[in-house]
Amino acid sequence: MEDANKCPKCGAALSEIVTTKSGKRLQRCSTGVWNRDTNTTEGCDFIKWLPYEPETLDEKCPKCGAPLLITMTRFNKKMKKCSTNSWDPKTKTASGCDFFEWIKPKVEELDEVCPKCQNHLVKMETASGKRMKKCSTSGWDKENHMATGCDYIEWLK
Ligand SMILES: [Zn+2]
Ligand SMILES: [Zn+2]
Ligand SMILES: [Zn+2]
């Protein structure tokens with residue numbers, strides 16, 4: 001049996017649950033310390049990720065009128081789904097209402113010019129809540145899994 005509150009790497013206790021900026025929850029090993037200056041973990045680097053807790057919204061499901069929830073997938077993509085929907089891992093079937101909607105990144109045009117190619121910049125927020133400025137010519141080629149256009153990106157805090 002695994003003790004849920006002990007580090008599987010070194011056996012020390014796990015520290016309190018913390019929430020990251022993007023809303024993910026985790027517990028670090030209590031012997032590990034995050035060093036902001038070097039961006040590395042000192043000591044034991046074990047991190048236990050906790051499941052994202054769905055958040056109930058004021059919005060109603062357009063299909064059945066039940067409240068909607070925000071949940072996060074395993075790939076850190078946020079989506080809205082109907083609160084009556086549930087997944088049965090035993091039978092591998094979904095029950096309840098099947099309405100869901102992906103939360104799209106927000107994109108805003110800026111009056112700034114890309115330092116690399118002089119096209120204009122856009123500001124966007126990723127589905128996981130990170131904000132960045134990037135070049136408006138950049139894109140993603142889904143067929144070839146390749147970034148296209150200018151690769152200028154500036155992450156915002
Ligand atoms: Zn540890
Ligand atoms: Zn519904
Ligand atoms: Zn550019």
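Strand E6 and strand E7 (residues 67-72) run antiparallel and are joined by three bridges; strands count as paired if DSSP finds at least two bridges between them. Strands (E, at least two residues) are DSSP runs numbered from the N terminus, as are helices (H or I, at least four). This is a predicted model: local features need pLDDT of at least 70, side-chain atom pairs count only at pLDDT 80 or more, and totals for chains, interfaces and linings use all residues. Residues are numbered from 1 along each chain as its sequence is written, while chains are lettered from A and ligands numbered from 1 in the order in which they are written.

Within the pair, Thr-56 stands opposite Leu-69 of E7. E6 and E7 make a hairpin with six residues between them. Gly-65, in the turn, has a positive phi of about 85°. Buried means 20 or more other C-beta atoms within 10 Å of the residue's own, exposed means 12 or fewer, and partly exposed lies in between, with C-beta atoms placed from the backbone.

Now the wider chain. An automatic or database assignment sets the domain bounds: domain 1 (1-50), domain 2 (55-102) and domain 3 (106-156). The centres of domain 1 and domain 2, over C-alpha atoms, are 29 Å apart.

Is Gln-118 buried or exposed? Gln-118 counts as exposed because it has 9 C-beta neighbours inside 10 Å. It sits in the loop between strand E12 (106-113) and strand E13 (120-125). Its C-alpha atom is 55 Å from that of Lys-90, 28 residues away along the chain.
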